[in-house]
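Colleague: Could you walk me through this one? I'd like to start with helix packing and then turn to the cavities.

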Amino acid sequence: MTNRFAAAFAKPHAALVAFITGGDGDTAANLDALVAGGADVIELGMPFTDPMADGPAIQAANLRSLAKGTTTADLFAIAAAFRNRHPDTPLVLMGYANPMTIRGADWFAAECAKAGVDGVICVDIPSEEDGELGPALRVAGVDLIRLATPTTDAARLPDVLNGAGGFLYYVSVAGITGLQQAAQTSIDEAVARLKAATDLPIAVGFGVRTPEQAAAIAKVADGVVVGSAFIDIIAQHGDAAAPYVEAFTRTLADAIHGAKEIAA
Amino acid sequence: MTQLPNSLRTGPDERGHFGQFGGRYVAETLMPLILDLERHYRAAQTDPAFKAEFDYLLKHYVGRPSPLWFAERLTEHLGGAKIYLKREDLNHTGAHKINNCIGQILLAKRMGKTKIIAETGAGQHGVATATVAALFGLPCTIFMGAVDVARQQPNVFRMKLLGAEVVAVESGAKTLKDAMNEALRHWVANVHDTFYIIGTVAGPHPYPELVRDFQSVIGEEAKAQILEAEGRLPDMLIAPVGGGSNAIGLFHPFLDDEGVKIVGIEAAGEGLDGKHAASLAGGRPGILHGNKTYLLQDEDGQITEAHSISAGLDYPGIGPEHSWLHEIGRVRYEPVTDAEALASFQKLTKLEGIIPALESAHAIAAAERIAPTLGNDKVIIVNCSGRGDKDIFTVADALGVAL
């Protein structure tokens, strides 16, 4: 785990993991707003023409970004500039296999390391296809963040954890991003199950849109991932979204940071 | 260099790869289901009752075997190799698609799944899926790009008559690849009770393998039929390739027959310099829809839009086994343009009284190009993968005829 991840998850409260799509709106300003509002970990989405695991909000963000001509080089420039402005905030790239591997996994991993990216989430490379990206990232010192889902059974979980780094992202609903939310009891049970299997921090996401939901999850998990709710704000306010992003981040961060009844 | 295996028919490997292609590039939510599907398919493969039910339905419901027709007038017209047509157009629902749908719905039943979903482009796979869903009394949802819904109204109505719900997909370019994205999104959210009937030899392992196996009845029949008609194997096979299910179905039983040349036809649309759907000629390897294969894409790996006059070939990818057969050189893939296919559509109709699907017309066009260069002692089998009734509006429009 990189030092930035270790520091972010060593705080006495759960982490707010905030996702926005790169190149959608004024990304640099929005990233600064997330940090200013109290986000602990940043996920930067790499736009893709065919985001199979995403709901309507993030699909639209992908297409808006691509329509503006966002390239992979632009994404790494955004990441590198963020790293210069914010030396301590962990930065994760999240996206799909094809844009990540098209120039070779070694190229991608080296670019991540150069830009100061701490971790990578690739939606459509499960542990069975780890060779496509995992070894290159590990050589480059970049954490491969794996996803666990409600369908990941006990027999599979060790495979998912093998080679995983950074934190474990628990996808709390069998579904796509930004729509329905899981029942809190099922999240509680899942986090307990995952914690028994790994020392990695557990961040929970998919369908988390309000401070109330986030606070409930923060009582049991190490991190709460919010994405589509930010995307909605950017869709509404366009290039002038940063103040709204910062205000919403603060309500989420306050809820999450104050949620733990006892220190972890 | 790796040595070629003794047989080209043993793929994929246990992880679903054909050489570097294929695999299981899906979200973690789907992975357990894909593994479960594979377990059930392995059990079905060795279950005589499964094969018996599949064969029964192909014979009595689909109407197999489909004839192998000696196209004598076309042969005389071209003045070269003898041309036989494998008449998949005579199957129930009018194309090869039904073979695969029968196999997959039997798997769905075996797995206890109670709902069926599928993607469709022109609507042929959607109609075939809605048909088997009606036959088995299972609720069925078909995902179809909104653009395709608008231009394929007769098939939309057919699917609705068959009891399917047709969802018009508004995301992306609103065509086949977007329909597949949406079907995958729906599946992720409904994995517990839903079976996804993929229409071609693409998607995550084991789909390319099982769709190929269900379609291989085409080549197995053709082999027996040509031996009966000519007393020997053909010199060449020709089939159109979009995703490539009819082609692999014809090709696979012949892959180890060295004397049989095999040609797959990609849709060159307006030409390889313009808009087209020729993934092998104009694309490069990448990852989409659960498998690694040749894709039309830009230098950043963003998927580009395909174009063909034939909606069934209008997809920016190709099945992974075709990518492998291309790279090892066992199958030669050639492009045919919209204009060539349109001309052959009319020629076959007039000479043989057979209206081919525009997909199949691409293979006919290639046969027209190749047959005159071969002696009249040579034999070619062309896959007439579907009938062209569905295409008459498209053809009329292209010819400037108002219906």
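Modeller: Take chain A to begin with: the axes of helix α2 (residues 27–37) and helix α12 (residues 242–257) of chain A come within 8 Å and cross at roughly 30°. Helices here are DSSP runs of H or I with at least four residues, strands are runs of E with at least two, and both are numbered from the N terminus. Axes are lines fitted to C-alpha atoms, for helices over the stretch in contact, and angles run from 0 to 180 degrees between N-to-C directions.

Colleague: How are α2(A) and α12(A) oriented to each other, then?

Modeller: Roughly parallel, therefore. Angles under 35 degrees count as roughly parallel, over 145 as roughly antiparallel, 65 to 115 as roughly perpendicular and the rest as oblique.

Colleague: What about α4 and α9 of chain B?

Modeller: Helix α4 (residues 97–110) and helix α9 (residues 207–215) of chain B pack at about 120°, with their axes 8 Å apart. α4(B) and α9(B) are therefore oblique to each other, and their crossing is right-handed.

Colleague: Where does the model come from, and how are things counted?

Modeller: It is a predicted model, where local features need pLDDT of at least 70 and side-chain atom pairs count only at pLDDT 80 or more, while totals for chains, interfaces and linings use all residues. Residues are numbered from 1 along each chain as its sequence is written, chains are lettered from A and ligands numbered from 1 in the order in which they are written, and side-chain values use heavy atoms, leaving out hydrogens and water.

Colleague: And the scores?

Modeller: The model has ipTM 0.95 and pTM 0.96. Chain B averages a pLDDT (the predictor's confidence in each residue, from 0 to 100) of 96.

Colleague: Now cavities. How many of 30 Å³ or more does the structure hold?

Modeller: Nine. A cavity is a set of points on a 1 Å grid over the protein atoms alone where a 1.4 Å probe fits but cannot get out, and lining residues have an atom within 4 Å of a point. Grid points are joined across faces, edges and corners, and a volume is the space filled by probe spheres set on the points.

Colleague: What lines the largest cavity?

Modeller: The largest cavity holds about 410 Å³ and is lined by 29 residues, with H96(B), K97(B), G199(B), G312(B) and L313(B) nearest its centre.

Conventions: On a 1 Å grid over the protein atoms alone, a cavity is a set of points where a 1.4 Å probe fits but cannot get out, and a pocket is an open set with protein on both sides within 12 Å along at least five of seven lines; lining residues have an atom within 4 Å of a point. A crossing is left-handed if the near helix is turned anticlockwise from the far one by less than a right angle, and right-handed if clockwise.
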